[in-house]
Amino acid sequence: MKRFFWFVLGLVSGVVLITWSKKKANEVADKVADALAPENVVEFAAEGLVRVIRRMGELASAAAVALSSAWQKSDTEGQAVER
């Protein structure tokens, strides 16, 4: 009777584990399929491109400020600075 109990318990837990695993695998597969849909791939690429362009604009702005500051310092070298 003990062996039968453990056999049935193992069988039931195996069935539950397999069912749960299949459900999770299908959920992940659906998410991946949705993410790889052409319209989602294009949207993701467009968002990435916009982020890159914004970042390059920020870098160009920072470089312009740094160059402007450097030019102002070089223009005033050797001259008295009024405050």
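In which helix is Ala-35 found? Ala-35 is found in helix α1.

This is a predicted model, in which local features need pLDDT of at least 70, side-chain atom pairs count only at pLDDT 80 or more, and totals for chains, interfaces and linings use all residues. Residues are numbered from 1 along each chain as its sequence is written, and side-chain values use heavy atoms, with hydrogens and water left out.

**View 1. The chain contains 2 helices and 0 strands.** Helices (H or I, at least four residues) and strands (E, at least two) are DSSP runs, numbered from the N terminus. Of the 83 residues in the chain, 2% are buried, a term that denotes under 20% relative accessible area, with exposed meaning over 50% and partly exposed in between (1.4 Å probe, protein chains only). Carbon and sulfur atoms account for 68% of an accessible surface of about 7900 Å² (Shrake-Rupley method, 1.4 Å probe).

**View 2. Ala-35 is partly exposed.** Its relative accessible area is 46%. Apart from neighbours within four places in sequence, Ala-35 is in contact with Asn-40 and Val-41 (heavy atoms within 4.5 Å).

**View 3. A patch of negative charge lies on the surface.** Asp-30, Asp-34, Glu-39, Glu-43 and Glu-47 gather there. Patch residues have over 30% relative accessible area and no salt bridge, like charges being joined within 9 Å; a salt bridge is a side-chain nitrogen of Lys or Arg within 4 Å of a carboxyl oxygen of Asp or Glu. Asp and Glu count as negative, with the charge placed at CG of Asp or CD of Glu.

**View 4. Helices α1 (2-35) and α2 (38-75) each supply at least two residues of the negative patch.** Helix α2 gives the most, with 3 residues. Asp-30 is found in helix α1.

Notes
Patches are made of residues with over 30% relative accessible area and no salt bridge: like charges are joined within 9 Å, nonpolar side chains (Val, Leu, Ile, Met, Phe, Trp, Tyr) within 5 Å.
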